[in-house]
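User: I am new to reading protein structures. Could you walk me through one, feature by feature?

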Amino acid sequence: MAKEAPAKIAMAKRLYDFAVNTHGLPASDLMFDPLTFTICTGNEDDRKLALETLDAIEGIARELPECQIVLGLSNVSFGLKPAARQVLNSVFLDYATKRGMNAAIIHTAKIVPLHKIPPEELKARRI
């Protein structure tokens with residue numbers, strides 16, 4: 001389970017090579033999950049893991065454009081209180097979609113449109 005974007009992308013490329021070039025599967029049948037980790041562990045190094053996942057999504061979409069990208073989205077907010085999870089998951093869904101994710105495993109009732117989230121809650125300090 002890679003944490004950094006380059007390792008996530010390299011793993012997707014290896015799996016692509018194995019599935020498509022070795023076994024002849026159609027690239028469009030492949031779905032890669034770059035796996036996001038919670039950023040809420042209290043460990044400062046873990047705070048960047050969501051950014052690594054977003055970079056991986058963009059890299060996989062760029063390098064393997066015929067493949068799909070899926071993500072278990074709520075992993076990113078594990079450990080937060082429900083209201084904070086809803087905001088983080090909603091914002092992360094928006095960013096991941098813009099970076100190239102085509103499918104997400106989400107609880108739809110726990111996602112809110114960004115325009116319904118107060119602007120001060122949308123702000124995050126970039127690390």
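User: In which sense do strand 2 and strand 3 pair?

Analyst: Strands of a sheet pair through backbone hydrogen bonds, either parallel or antiparallel. In this predicted model, strand 2 and strand 3 pair in the parallel sense, over 3 bridges. Pairing here needs at least two bridges found by DSSP. Helices (H or I, at least four residues) and strands (E, at least two) are DSSP runs, numbered from the N terminus. Leu71 stands opposite Ala104 in strand 3.

User: What is the order of the strands in the sheet?

Analyst: The sheet is open, has 3 strands and runs in the order 1-2-3, with parallel pairing. Strand 1 and strand 3 (103-105) are at the edges with a single partner strand each, so one side of each has no neighbour in the sheet.

User: Which strands does helix 2 lie across?

Analyst: Helix 2 lies across strand 1 and strand 2. Its direction is at about 160° to strand 2. Axes are lines fitted to C-alpha atoms, for helices over the stretch in contact, and angles run from 0 to 180 degrees between N-to-C directions.

User: At what angle do helix 1 and helix 2 pack?

Analyst: Two packed helices are described by the angle between their axes and the distance between the axes. For helix 1 and helix 2, the angle is about 35° and the axes are 8 Å apart. Residues meet when they are in contact (heavy atoms within 4.5 Å). Among those in helix 1 are Ala5, Ile9 and Ala12; helix 2 brings residues including Ala56, Gly59 and Ile60.

User: Is Phe32 buried or exposed?

Analyst: Buried means under 20% relative accessible area, exposed over 50%, partly exposed in between (1.4 Å probe, protein chains only). Phe32 counts as buried because its relative accessibility is 7%. Phe32 lies in strand 1 (residues 31-32). Leaving aside neighbours within four places in sequence, its contacts include Tyr16, Ile60 and Val70.

User: Which residues have the most contacts inside the largest nonpolar core?

Analyst: A nonpolar core is a set of buried Ala, Val, Leu, Ile, Met, Phe, Trp, Tyr and Cys residues joined through side-chain atoms within 4.5 Å. The largest one has 24 residues, and Tyr16, Phe32 and Met101 have the most contacts inside it. Helix 1 (5-22), helix 2 (49-63), strand 2 (68-72) and helix 3 (82-99) each supply at least two of its residues. Helix 1 gives the most, with 6 residues.

User: What should I know about the numbering and the cut-offs?

Analyst: Residues are numbered from 1 along each chain as its sequence is written, and side-chain values use heavy atoms, without hydrogens and water. Local features need pLDDT of at least 70, side-chain atom pairs count only at pLDDT 80 or more, and totals for chains, interfaces and linings use all residues.
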